[in-house]
Amino acid sequence: YFAVKKAVAGALDDAVDGQPATVRRFFERRISADYVESVRWQDLEVTKENNQIVGTISWERRMPLVYNVSLVLDFEVTEAR
């Protein structure tokens, strides 16, 4: 979670033009450098709200516990610049 949050914030800071494609490219570089495998760069949504560039990404992690019982964790990160 914290690695993804850091990657989204860093990508928004690095992309000075604020274009969604640029933000996603910087995000892709950061998650590959940190070996983050739980999200993909295509999952990042970049929008403009109230003169701010907002990056949002959400994902789910399933972990099997016993037999047919699994633990499901939902994550969501939202950062703005």
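Y1 is partly exposed in this predicted model, with a relative accessible area of 39%.

Now for the rings. Searching the whole structure turns up three aromatic pairs. In one of them, the ring centres of Y1 and F2 are 5.2 Å apart with their planes at 80°, so this pair is edge-to-face. W59 and F75 make a stacked pair, because their planes are at 20°, with the centres 5.1 Å apart. W59 belongs to strand β2 (residues 52-66) and F75 to strand β3 (residues 69-80), so their pairing ties together parts that are 16 residues apart in sequence. Y1, F2, W59 and F75 together form one aromatic cluster.

Here's how exposed each member of that cluster is:

| Residue | Relative accessibility | Class |
|---|---|---|
| Y1 | 39% | partly exposed |
| W59 | 11% | buried |
| F75 | 25% | partly exposed |

Let's turn to helix α2. It covers residues 20-33, 14 residues in total, and spans 20 Å from first C-alpha to last, close to the 20 Å expected at 1.5 Å a residue. Which residues of α2 are buried? They are T22, V23, F27 and I31. Looking down the axis of α2, the buried residues fall within an arc of 160°, so they line one face of the helix. An α-helix has 3.6 residues a turn, so residues three or four places apart point the same way. The cover over the buried residues of α2 includes α1 (2-14), β1 (45-49) and β2. A21 and A33, on the other side of α2, are exposed. Just after α2, Y35 has a positive phi of about 60°.

Methods:
Residues are numbered from 1 along each chain as its sequence is written. This is a predicted model: local features need pLDDT of at least 70, side-chain atom pairs count only at pLDDT 80 or more; totals for chains, interfaces and linings use all residues. Side-chain values use heavy atoms; hydrogens and water are left out. Rings of Phe, Tyr and Trp (its six-membered ring) pair if their centres lie within 6.5 Å; planes under 30 degrees apart count as stacked, over 60 as edge-to-face and the rest as tilted. Buried means under 20% relative accessible area, exposed over 50%, partly exposed in between (1.4 Å probe, protein chains only). Helices (H or I, at least four residues) and strands (E, at least two) are DSSP runs, numbered from the N terminus. The expected span of a helix is 1.5 Å times one less than its number of residues. The arc is that of the directions from the helix axis to the C-beta atoms. Contact means heavy atoms within 4.5 Å.
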